[in-house]
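Biologist: Please take a close look at the aromatic side chains in this model. I would like one connected account.

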Amino acid sequence: MSAVASIFDPVTLPCGFRLQNRVIKAAMEENMATHHCLPGPALFSLYRYWAHGNLGMIITGNVMVDKQAMTGPGGVALEADTPLEPFTQWAKIIRSNGAKAIMQINHPGRQVLKAMRGKAIAPSAVGLNMGKHSKMFATPVEMTGDDIHDVCQRFVTTAMRAVDAGFDGVEIHAAHGYLLTQFLSPLTNQRKDEWGGALENRARLLLNIVSQIKARCPSGFLIMVKINSADFQRGGFELGDAIRVIERLEALGVNIIEVSGGSYESPAMQRRNTDEQTLAREAYFLEFASRIAKATAIPVMTTGGIKRAPVAQRVINKGCTLVGMASALAFTPDLVKKWQAEPDYSGVIPHCHWRDKALASLATMSMVRRQLRRLGNDLTTVRHPSALWSLVLDMCHRKRMTRRYLNEQNQ
Ligand SMILES: Cc1cc2nc3c(=O)[nH]c(=O)nc-3n(C[C@H](O)[C@H](O)[C@H](O)COP(=O)(O)O)c2cc1C
């Protein structure tokens, strides 16, 4: 039996892509774009920290394929006519110390904040149900066939421009309740045409996007898909569905699958660790990822809850090829170096145990985003931030970013 690789070992993927190790910075929307949704100085400073963090691959926060449909204020968008130079600079910084640069590309579908006054389109006109917080989100309009083709073209255009900017690959975001997840889930996709009904139809948009990116981008350009292991909602997308979609993605030549789970309505990607921390509990989706890894030849990465080296190693031991981390790398961008020097070193993942789950989820995100902004301003991170104060600061920042976005849209 061959020995299991260490997380710190280099790895050559079946597609020939070589990574300097198996620890990956997962996507985190930074909400730190400069004017006109472009990457700028704050993002560059932030990514310099990760570039020096000894990571195998760095995935950007989601980059929108349509500037009129943003996941949040201060987000980045890359369209056909967007100036490319800031993206070229971004890729160069990410790659400056040997990590590969992957751009995550996304469309929010119905997960658009009303305050952003953007386009909220979805497979069916099913609004978000987040109890009393539902009113924060725009009511979606059911997409026409032309809308669906337009979105597909936009993903392909953004991927081709990522090639031109010097990125090593793209990650198509088909998790966390965004547009491609909305197509995959029978709860949000109630269409009766070729885009709805059977899983084959619900997966059609994702599969079309992948096959067109594959056809239009150079052969060495890496294509990743981030997919939910499950929606964690009754009647929603389940592990068996994920495995069937991944079989199709394998046939199309996808190079890496990132396994996550949940959505705004059911934020499983932020599982609350109220119990003692065990290796199994810390990697939220490991059991799912491990089953997926057994079912596919595509290298699997899983993200969620990882902050300690033994947990990361367990992910590899259980059959995954790569380990993804988001929150812990916001608090400690050089966590991998710290693990190498001190194997018991633990990173930080914040949790907020307020009774209002939606607010607790926002506060948790705001604690992480606060660290991203601090790094972007070349300040040290705060290891134990106050949830309330982080939320207040985040709301002020988001208000400012929303105002700027709306002013720019009206110009
Ligand atoms: C502030 C913040 C922003 C995020 N933005 C994205 C994103 O743009 N795309 C994405 O796929 N996941 C995003 N996520 C989810 C993470 O990639 C990851 O799946 C999740 O946080 C669980 O991993 P962790 O426990 O290591 O943080 C975000 C998470 C946080 C905390």
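Modeller: Buried here means under 20% relative accessible area. Trp50 has 0% relative accessibility, so Trp50 counts as buried. Tyr47 is also at 0% and therefore counts as buried. Keep in mind that this is a predicted model.

Both residues sit in helix 1 (residues 41-51). They are 3 residues apart, about one turn of the helix. The structure holds 9 aromatic pairs. In one of them, the ring centres of Tyr47 and Trp50 are 4.9 Å apart. Their planes meet at 80°, so this pair is edge-to-face.

Tyr47 and Trp50 also belong to one aromatic cluster, together with Phe87, Trp90 and Phe167.

Now take Tyr178 and Tyr264. Their ring centres are 5.6 Å apart and their planes are at 80°, so this pair is edge-to-face. Tyr178 lies in the loop between strand 10 (169-174) and helix 4 (179-184). Tyr264 lies in the loop between strand 12 (256-260) and helix 8 (279-282). The pair therefore ties together parts that are 86 residues apart in sequence. Tyr178 counts as buried, at 8% relative accessibility. Tyr264 is partly exposed, with a relative accessible area of 24%.

Definitions and conventions:
Residues are numbered from 1 along each chain as its sequence is written. This is a predicted model: local features need pLDDT of at least 70, side-chain atom pairs count only at pLDDT 80 or more; totals for chains, interfaces and linings use all residues. Side-chain values use heavy atoms; hydrogens and water are left out. Rings of Phe, Tyr and Trp (its six-membered ring) pair if their centres lie within 6.5 Å; planes under 30 degrees apart count as stacked, over 60 as edge-to-face and the rest as tilted. Helices (H or I, at least four residues) and strands (E, at least two) are DSSP runs, numbered from the N terminus. Buried means under 20% relative accessible area, exposed over 50%, partly exposed in between (1.4 Å probe, protein chains only).
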